[in-house]
There are 2 protein chains.
Amino acid sequence: MDEKILNIFRKNPDNYISGEEISQKLGISRAAIWKHIEKLRQRGYDFAAVPHLGYRLSAVPDRLFPEEIKFGLDTKIIGQRIIYYDVIGSTNTKCYELAEKDYPQGTTVVAEGQTKAKGRLSRPWLSPRYKGIYFSVILKPDILPMQMPKITLLAAVSVASVISKLTRLSALIRWPNDVLINRRKVCGILTEMNAEADRVNFIILGIGINVITKRSSLPKGATSLFEEGAKDITRAQLLRKLLMELESNYLLFKKRGFAPIVREWQNFSAILGSRVKIISHSEKIEGQAAGIDSEGALILRLDNGFQKKILAGDVELVR
Amino acid sequence: MDEKILNIFRKNPDNYISGEEISQKLGISRAAIWKHIEKLRQRGYDFAAVPHLGYRLSAVPDRLFPEEIKFGLDTKIIGQRIIYYDVIGSTNTKCYELAEKDYPQGTTVVAEGQTKAKGRLSRPWLSPRYKGIYFSVILKPDILPMQMPKITLLAAVSVASVISKLTRLSALIRWPNDVLINRRKVCGILTEMNAEADRVNFIILGIGINVITKRSSLPKGATSLFEEGAKDITRAQLLRKLLMELESNYLLFKKRGFAPIVREWQNFSAILGSRVKIISHSEKIEGQAAGIDSEGALILRLDNGFQKKILAGDVELVR
């Protein structure tokens, strides 16, 4: 009901709306409306009230409340169900639990802050409250487990693309799944999978983006959108657009396969054509980043002229 | 303590052992020993008692009790911790839960019967009580998710090898993971995985073998060791030997890679060189089974002379 009331105000941002009118539209008493408006005020929504005219929504809180995200969210799957936490250990862990309980594809867990956020290979991911967006989505793509890297790349492409659209910043992807601005990491992606040998049961796609985090509180080599100059973006807006971009790329992938994602990746690549060092737990190897193949593997051109397919590892640019 | 008492008897199968002697060895009172022996009797163990001589273990129950499996189990990892159920929904599901709770690699869930046993792609797997062996093991191999099929093939090779060693039956593997005797399925394998893009967190390896199941109670195309003529094998013995074979192949794989497993697979293949039809959810395709590659994929020689790599699907022999 809170959401319905908010939406009435949002559709009429410049007008005052009387309690009478809302009462008729929603079929509840004016006393009930007043209670909801009080509740919304406590959550940070502000209403200007003018006698005889009614109410107008004058401010929304800087929060990732599902009502905020869903307003204008033009998706069929991703974000249709949003589970919100002020603080949680890890959105990925919670989302994984929900997927095990058969929550549907597209279910999204959002938190304002995380206390045990994790990145690839159990690396920590700093998630201070109200400073970034931290969320995880249940996906159930009809792919084989070995195709999982495609989903990670699809997510990286979506993040880079949304940042480039919403800000004037140039967001680039460092294979496999870091998104960089001015060579500093602004986004981390962690995909986790539950699979059999010939079926993916579900994938949890987790994304964290530093939005207004101060660089002084971030680890070395990390940055935030705010620090790079994007100061007028709200977290809710970024999250909403990103959910839409993810869905759009996900549906494209289902329909046309991985090739369009590869093309997008090439547009956003931070390493294509550059000399890079790949560090994995088994080896270190240098070469030129020549592209990604149809499975999402990095193609490295070695100094001896041969090409090598890299399935996993960390990439460093060599200067 | 039950296990310790049993082991004293087992090491002296032909002698009577006095309560006095056990009491001294284990440092517990004769009254306590008597209580344990009564408890063991209730579980199906039989003791011949002769006044002045003592006890002798005269019969063990046909059960998969951890004490039964562990006696003579020469492994370092697999089966060192066994969790036993008379009946459970699915050993794989339970084992997966334990892995999520950080149970160590090698932890094994065994059940005498399963009510919701599952095979590949959620197919049911009949698991009548006391008729077969049904178990699942936590593995934490240092591999990438895309290498998971290797673990499935390793398991199939282990099952075929143990059946061939313990019985005079010829057990063959139908790619990827069915074990057949006289073209009928005697064993099913289900591997489930929890992974990130560049790390496997754990794999649950589930195996079901029909041991003394009557063919009339099995689905079409299925059989049991007993029905094929192996009548003097106990389920406990089969399970113990299989855990040992799995560990031995698993350590071999860790040390020498997948090549030795591929060679074993070739020895046991039910399809190598034969004309087969591959049925997957996306296509049907015929050709000659030419081998498996270094990743465990099936290599199919098509009628046009080309080779095709098959990553997943069901295989039928074409006559």
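This is a predicted model: local features need pLDDT of at least 70, side-chain atom pairs count only at pLDDT 80 or more; totals for chains, interfaces and linings use all residues.
User: OK. How far does H7(B) reach from its first C-alpha to its last?

Analyst: H7(B) covers residues 235–256, which is 22 residues, and reaches 31 Å. That's close to the 32 Å expected at 1.5 Å a residue (the expected span is 1.5 Å times one less than the number of residues).

User: Let's switch to chain A. Which domains is chain A divided into?

Analyst: Domain 1 is 2–59, domain 2 is 66–268 and domain 3 is 275–317, with bounds from an automatic or database domain assignment. The centres of domain 1 and domain 2 of chain A, taken over C-alpha atoms, are 33 Å apart.

User: How many helices and strands are in chain A?

Analyst: Chain A has eight helices and 14 strands. Its radius of gyration is 22 Å, close to the 20 Å from the globule rule for 319 residues, so chain A is as compact as a globular protein of that length. That radius is taken over C-alpha atoms, and the rule is 2.2 Å times the number of residues to the power 0.38. Along the principal axes, the C-alpha atoms of chain A fill a box of roughly 80 × 45 × 35 Å.

User: At what angle do H1(A) and H3(A) pack?

Analyst: H1(A) (residues 2–11) and H3(A) (residues 30–42) pack at about 85°, with axes 10 Å apart. Axes are lines fitted to C-alpha atoms, for helices over the stretch in contact, and angles run from 0 to 180 degrees between N-to-C directions. So H1(A) is roughly perpendicular to H3(A); angles under 35 degrees count as roughly parallel, over 145 as roughly antiparallel, 65 to 115 as roughly perpendicular and the rest as oblique.

User: Which residues make that contact between H1(A) and H3(A)?

Analyst: On H1(A), Asp2(A), Ile5(A) and Leu6(A); on H3(A), Ile33(A), His36(A), Lys39(A) and Leu40(A). Contact here means C-beta atoms, placed from the backbone, within 7 Å.

User: And what about H7(A) and H8(A), at what angle do they pack?

Analyst: About 130°, with their axes 8 Å apart, which makes H7(A) oblique to H8(A). Asn249(A), Leu252(A), Phe253(A) and Arg256(A) of H7(A) meet Ala259(A), Pro260(A) and Ile261(A) of H8(A).

User: Is Leu243(A) buried or exposed?

Analyst: Leu243(A) is in H7 of chain A, and it's buried, with 28 other C-beta atoms within 10 Å. Buried takes 20 or more other C-beta atoms within 10 Å, exposed 12 or fewer, and partly exposed lies in between, with C-beta atoms placed from the backbone. Leaving out residues up to four places away in sequence, Leu243(A) touches Leu73(A), Thr75(A), Ile78(A), Gly79(A) and Thr108(A).

User: Last one: how many residues from chain B and chain A does the contact take?

Analyst: 21 from chain B and 21 from chain A. On the chain B side, H6 (148–166) and E8 (184–196) are the elements giving two or more residues, and E8(B) gives the most, with seven residues.

Terms used. Residues are numbered from 1 along each chain as its sequence is written. Chains are lettered from A and ligands numbered from 1 in the order in which they are written. Helices (H or I, at least four residues) and strands (E, at least two) are DSSP runs, numbered from the N terminus. Two residues are in contact if their C-beta atoms, placed from the backbone, lie within 7 Å.
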